[in-house]
Amino acid sequence: MSNESREKIAKGALELFLSQGIKTVTMDRIAAALSMSKRTIYENFSDKEDLVSACLCLFKRLSDEKRIEFEQTSENSFVFLLRMFRFGFVTLRRINVNFFRDIDLLFPDHVKRVKLHRPAQIAQFQSLIEKSQNEGYIMSSLNADELAMIYYGMMTSLRDDETYDFNKISPYEIFKTMCSIYFRGIVTEKGVVLTNQYLKELENSDNN
């Protein structure tokens, strides 16, 4: 067993879980997709639950790495925010809604851990909003704490298929509409230019 083998298996399995959900993806299907024996997978992971846990950790790590990259390379806080939103769009576009359903049903401990991070995530987003207000991209008259909580509520609502009928419209399309309304409602004239630019890029990517 090596870290390289575990990483390869986790990456391959994660792509299957994201695109098809967790319940429907068997260890046999993962082995076939990776062109390896099921025995090799079990030499690295004790069972499917162990593999899924590793995949969820990998998913978070990759997201954190992307966030750090954006933070270090964005010219200002508002561009950083927009790039993170665009990353959210791209990520959601390849996720099957069953992925979220299965996590909620099969991995309640993971859901609890995610909820524990809620205050820190809201505080981080609030800080970015305040910096964007100081830079003149978001209206200073708006309450940054409220804007942060509204955004968090938007994101968490995408996990609730009782709120939205995902058989009619995908979480990705809902999220894109949400963010279009959200950003255009809070930005200054200065911020509108960048917002429209990023939303236009998303529309172009949909058409390609």
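**Exercise 1.** Work out how helix H8 (residues 118–134) and helix H9 (residues 144–157) pack in this predicted model: how do their axes cross, and which residues make the contact?

*Solution.* Start with the geometry: the two axes come within 8 Å and cross at roughly 125°. Next, the hand: the crossing of H8 past H9 is right-handed. Now pick out the residues. H8 brings Arg118, Gln121, Ile122, Phe125, Gln126, Ile129, Glu130 and Gln133, while H9 brings Ala144, Asp145, Leu147, Ala148, Met149, Tyr151 and Tyr152.

**Exercise 2.** Take helix H6 (residues 97–106): which of its residues are buried, what covers them, and which residue caps the N-terminal end?

*Solution.* First, the buried set in H6: Val97, Phe99, Phe100, Asp102 and Ile103. Then look at what sits over them; the cover includes helices H1 (3–20), H4 (48–73), H5 (77–93), H7 (108–116) and H10 (171–186). Finally, check the N-terminal end of H6. Asn96 is the cap there, with a side-chain oxygen 2.8 Å from the backbone nitrogen of Asn98.

**Exercise 3.** Is Ser77 buried or exposed, and which residues does Ser77 touch, leaving aside those up to four places away in sequence?

*Solution.* Locate Ser77 first: you'll find it in helix H5. Its relative accessibility is 11%, and the cut-off for buried is under 20%, so Ser77 counts as buried. With residues up to four places away in sequence set aside, Ser77 touches Leu128, Lys131, Ser132 and Glu135.

Conventions. Residues numbered from 1 in each chain as written. Predicted model: local features only at pLDDT ≥ 70, side-chain atom pairs only at ≥ 80, totals over all residues. Heavy atoms only, no water. Axes fitted to C-alpha atoms, helices over the stretch in contact; angles between N-to-C directions. Helix = DSSP H or I, 4+ residues; strand = E, 2+ residues; numbered from the N terminus. Left-handed = near helix turned anticlockwise from the far one by under 90°. Contact = heavy atoms within 4.5 Å. Buried < 20%, exposed > 50% of the residue type's maximum accessible area, 1.4 Å probe, protein only. Polar contact = N/O pair within 3.5 Å; in protein donor to acceptor, adjacent residues only side chain to side chain.
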